[in-house]
Amino acid sequence: MGHSKQDVVEAALGILDEHGLPGLSMRRVAATLEVQQSALYWHFESKQVLLAAMAEEILRRGPRASSRGTWDAVVTRRAGALRDALLAYRDGAEVVSTVYAFGLGANAPHQDLAACLEAAGATTADARAAATVIVHFVFGFTFSEQQYHQASSAGAIRDVPAPNGVRRGTKADPFRAGIALVLDGIRARLT
């Protein structure tokens with residue numbers, strides 16, 4: 001096969017952006033690269049392994065949050081950076097959360113958040129639990145956002161306000177409010 005592992009991931013990410021996760025198949029990736037489908041298995045033994053590589057690439061390309069400031073400011077920025085990474089690709093939240101749920105990868109956000117929380121004084125168990133809550137909140141919130149925007153742009157829903165009727169970046173941003181509520185709980189455990 002004349003293509004590298006990275007070429008396969010790039011082609012798959014392009015298909016994901018154009019057709020979404022339901023339109024991503026090994027056959028379509030092979031056609032895009034103009035190779036036989038069996039040639040892809042040289043690099044990826046299954047579609048799940050390819051999805052894991054795609055999830056890692058989505059996270060790798062995502063924005064990096066500064067580690068400066070208080071622990072809660074750092075956690076808030078990291079949660080926002082994870083959200084932005086997922087939003088950068090159509091169905092990005094579904095791909096990354098599926099890989100994470102199946103234990104195939106995409107663990108870096110959880111590990112980073114847990115380390116930050118432990119450094120702030122949380123017990124290892126509390127830091128891991130809080131990181132799990134934050135990661136699941138980001139995955140779920142972003143998945144919901146992506147589903148809404150895709151359905152809206154496809155004309156499947158009309159005259160339906162965005163979830164909670166609030167747009168991103170406004171003072172009443174429900175994402176930031178949700179993260180703040182989780183941080184309030186962590187802060188209470190730290191005292």
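Student: Let's start simple. How many helices and strands does the protein chain have?

Tutor: The secondary structure comes to 9 helices and 0 strands. Read along the sequence, that gives the pattern α-α-α-α-α-α-α-α-α. Keep in mind that this is a predicted model.

Student: And what does the C-alpha trace span along its principal axes?

Tutor: About 60 × 45 × 25 Å.

Student: How much of the chain counts as buried?

Tutor: Of the 191 residues, 41% count as buried. The accessible surface of the chain comes to about 10,200 Å², and 52% of that belongs to carbon and sulfur atoms.

Student: What share of the contacts with a separation of 6 or more comes from residues 24 or more positions apart?

Tutor: Those residues account for 66% of them.

Student: Okay, the core. Which residues touch the most other members of the largest nonpolar core?

Tutor: V29, L50, M54, L117 and I134, out of 53 residues in that core. The elements giving two or more residues to this core are α1 (5–19), α2, α4 (47–61), α5, α6, α7 (108–119), α8 (124–153) and α9 (174–190). The biggest contributor is α8, with 8 residues. As a general point, nonpolar side chains in soluble globular proteins tend to be buried together.

Student: Zooming in on I134, what does I134 touch?

Tutor: Setting aside residues up to four places away in sequence, I134 touches V75, A79, L113, L117, I179, V182 and I186. L117 is itself among the residues with the most core partners.

Student: Which side chain does the side chain of E57 make a polar contact with?

Tutor: That of R61, in a polar contact of 2.8 Å. Beyond the neighbours within four places in sequence, E57 is in contact with Q6, V9, E10 and L13.

Student: What about charges over the whole chain, how far apart are the mean positions of the positive and negative ones?

Tutor: They are 4 Å apart, for 20 positive and 19 negative charges.

Student: For E34 and D91, is each one buried or exposed?

Tutor: E34 is exposed, with a relative accessible area of 74%. D91 is buried, at 4%.

Student: Last one, A120. Where does A120 lie, and what is A120 in contact with?

Tutor: A120 lies in the loop between α7 and α8. With 29% relative accessibility, A120 counts as partly exposed.

Student: How are A120 and T70 separated?

Tutor: Their C-alpha atoms are separated by 8.6 Å, while the two residues are 50 residues apart along the chain.

Methods
Residues numbered from 1 in each chain as written. Predicted model: local features only at pLDDT ≥ 70, side-chain atom pairs only at ≥ 80, totals over all residues. Heavy atoms only, no water. Buried < 20%, exposed > 50% of the residue type's maximum accessible area, 1.4 Å probe, protein only. Helix = DSSP H or I, 4+ residues; strand = E, 2+ residues; numbered from the N terminus. Contact = heavy atoms within 4.5 Å. Areas by Shrake-Rupley, 256 points an atom, 1.4 Å probe, with all protein chains shown as cover. Lys, Arg positive; Asp, Glu negative; His and termini not counted. Charge placed at Lys NZ, Arg CZ, Asp CG, Glu CD. Core = buried A, V, L, I, M, F, W, Y, C linked by side-chain atoms within 4.5 Å. Polar contact = N/O pair within 3.5 Å; in protein donor to acceptor, adjacent residues only side chain to side chain.
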